[in-house]
Amino acid sequence: MRFSQFQGLLYCFLFGCSSSVFADLIWPTPNPAFQCGESIKAFIQPTASGKIKSGLFGCVRNNGYRFHEGLDLYPIKRNEKGKVLDHVYAALPGRVVYVNRVAEHSSYGRYVVIEHDLEVPAFHTLYAHLAITAEGILTGARVKSGTVLGIIGHSANYRIPNSRAHLHFEIGFRLTNDFQSWYDQQKFSSKNWHGMWNGMNLLSIDPLGFYKFVRSGKAKNLREYIKTIPAVARIRIHTSKIPDFVQNYPALVTSLYGDNTVVAWDVAFTRYGLPKEWTPRFANEKLLGQAGVVKVLAYDQKHLKQSCHRVLDPGIKYPAISEETLSTLHKLFDFK
């Protein structure tokens, strides 16, 4: 099932589908408020705080001290008993890479992940808190833009009341293919039910920012949007390892390395920790630094005042790499 013809025409008018390579991009719920240019109050579901911004992406919760990885989108249709009827749609064509049908296994509840492997760079979208997943949504299946993935719900391993049922929607990247090794090293008390599609292995961009960028007509691919996200820190990692992240998302690498011996990576991070730009450094450059050394090359002083999810923390004399970034580096490079 897809959008009605009217909604599809409206979306194409607003998003300039005739010229955009994102002609297939659609909003993941039936609510047309964003496409119609309405305020976020018309489609964002806040937390119990009632603050609309709490349903947005970023440091928007607990007075700015808690990070939220995506958008929370509320339903617009319920039956006489209050049951949500809104379908959830695949935002773009792609391949289903993960389906979790056991709500108690994740804070995402029932969720579906689709990898858009034909985009540049490839990326995934994640659809969480589903009431049910649709028939045919199985790992490995290819889906079209607008394919029904399930119904908006309030499933989770914690309580979300039916009155605040919503779709949690993310756009992002996975850090490593071998997430299980990192997970085992942490000695968590609970099992990793989700393989490499565990939320701890996923980094996100702002979905609303991306959709607005597409609507502006500037987007040739996701890489063009990522280029507009400022880097708040550049970090050099001395290692010859070619991370899974680089191999999975080569469009984020600034230059080819081919047969050259890589001895380090200069990585630019966005304010919420996405390694958005990778520059390989080679043996013939004779850089100073032993394997395993991590060094801050540059940073934005204003970012050190961010209330949550910082890439760097203020230090006594110089900024220090934050716990979040250290965790990211461990996953990326399999540091022990």
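Q: How many disulfides does a search of the whole structure find?
A: This is a predicted model, in which local features need pLDDT of at least 70, side-chain atom pairs count only at pLDDT 80 or more, and totals for chains, interfaces and linings use all residues. Residues are numbered from 1 along each chain as its sequence is written, and side-chain values use heavy atoms, with hydrogens and water left out. A disulfide is a pair of cysteine sulfur atoms within 2.5 Å. The search of the whole structure finds one.

Q: Which cysteine does C59 join, and how many residues apart are the two?
A: The S to S distance is 2.0 Å. The link is left-handed, with -100° about the S-S bond. C59 sits in strand β1 (residues 58-61); strands (E, at least two residues) and helices (H or I, at least four) are DSSP runs, numbered from the N terminus. The partner, in the loop between β15 (294-299) and β16 (312-313), is C308, 249 residues away.

Q: Is C308 buried or exposed?
A: Buried means under 20% relative accessible area, exposed over 50%, partly exposed in between (1.4 Å probe, protein chains only). C308 has 6% relative accessibility, so C308 counts as buried.

Q: What is the relative accessible area of C36?
A: C59, at 16% relative accessibility, counts as buried. C36 is partly exposed. Its relative accessible area is 43%.

Q: Which residue follows α6?
A: Helix α6 covers residues 323-333. Its buried residues are T325, T328, L329, K331, L332 and F333. The residue after α6 has a positive phi, near 55°. That residue is D334.

Q: How many helices and strands does the protein chain have?
A: Buried residues make up 52% of the 336 residues in the chain. Along its principal axes, the C-alpha trace spans about 70 × 45 × 40 Å. The protein chain has six helices and 17 strands.
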